[in-house]
Amino acid sequence: ADGRDELSGWSHDGKWIYFSSSRDNVGGFNGVYRVRVAGGTPMPVSLETYRNEEQGVPSPDDRSIALVGGGMGAFQWWRHGSAHIDHGAIWLLKNDGSHAYARLTPDDARADWPMWAPDGGTLYYMSDRGGHENLWRTTRDGDAQAVTAFAGGRVLWPSIAADGRTIAFSRD
C-alpha cells in the first residue's frame, strides 16, 4: 500500500534501517518499521491500530526502541504553538517482539525526535513542555529536565552526534 515513509534511524550494527510509514495503518496513522540495508520486505516493529507511532530509534544495545506515540507533531512540524493533536509521548518498546511498552514522558505536550545518548541510559528530544520548544533529556526512569531554555521560537529536526557531545538543530 502507499504511504508516507520517513527515515528515523539505524540499528547500531548497521544492518537495519528504521522508518515510519502510514502504509498499513488506518486513518493515515504511522507505524514503525525496519528493513534490511540489503533490501527486502519492510517488517513492522510497532503497528498499533488507530494510534500514531513514529520516529523509532533503536537503543545503542538494540534491546529497545524509543518512539513517539500518540501525537502527530513531526507530521505537522510546521505548526507553531501548542495543539492537542500534536501532543504525544516518548515511549520505549522492547525490541524482542513482545510489544511491551513503557511511557517515558507525559502526553500533555509535544515530544518529538528522540535521540539516544551513547550510554543508552539517556534520551534527548524536543518538547514544548513548559510553553516553549526546547531540547529535553530523560532517563529510562522518566526523570526529565530541560537542556535548553529558549523563551520563544522553534526547535526543529535535532540530530545527536555519535559521541553524544553535540546536538545540531534548526532554530527559527
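These legends walk you through several close-up views of the structure above.

Before you start, note that this is a predicted model, in which local features need pLDDT of at least 70 and side-chain atom pairs count only at pLDDT 80 or more, while totals for chains, interfaces and linings use all residues. Residues are numbered from 1 along each chain as its sequence is written, and side-chain values use heavy atoms, with hydrogens and water left out.

**View 1. Arg23 and Asp5 form a salt bridge.** Here the closest N and O atoms are 2.6 Å apart; a salt bridge is a side-chain nitrogen of Lys or Arg within 4 Å of a carboxyl oxygen of Asp or Glu. The pair links distant parts of the chain, 18 residues apart: Arg23 sits in the loop between strand E2 (16–21) and strand E3 (31–36), and Asp5 in strand E1 (residues 5–10). Strands (E, at least two residues) are DSSP runs, numbered from the N terminus. Arg23 is partly exposed at 22% relative accessible area, and Asp5 is partly exposed at 43%. (Buried means under 20% relative accessible area, exposed over 50%, and partly exposed in between, with a 1.4 Å probe and protein chains only.) Across the whole structure, a search finds eight salt bridges.

**View 2. Glu133 meets Arg110 in a salt bridge.** Their N to O distance is 3.6 Å. Glu133 lies in the loop between strand E10 (122–127) and strand E11 (134–139), and Arg110 in the loop between strand E8 (101–103) and strand E9 (111–116), 23 residues apart. Both Glu133 and Arg110 are buried.

**View 3. Glu133 also pairs with Arg154.** This salt bridge spans 3.1 Å, N to O. Arg154 comes from the loop between strand E12 (144–146) and strand E13 (155–160), 21 residues from Glu133. Arg154 is buried at 12% relative accessible area, and Glu133 is buried at 4%. Salt bridges with shared partners join Arg110, Asp112, Glu133 and Arg154 into one network.

**View 4. A cavity has Arg110 in its lining.** A cavity is a set of points, on a 1 Å grid over the protein atoms alone, where a 1.4 Å probe fits but cannot get out; lining residues have an atom within 4 Å of a point. The search finds one cavity of 30 Å³ or more, and the largest cavity has a volume of about 40 Å³, the volume being the space filled by probe spheres set on the points, which are joined across faces, edges and corners. Its lining includes Gly88, Thr105, Pro106, Tyr125 and Arg129.

How values were computed:
Helix = DSSP H or I, 4+ residues; strand = E, 2+ residues; numbered from the N terminus. 1 Å grid on protein atoms, 1.4 Å probe; cavity = no way out; pocket = protein on both sides within 12 Å on 5 of 7 lines; lining within 4 Å.
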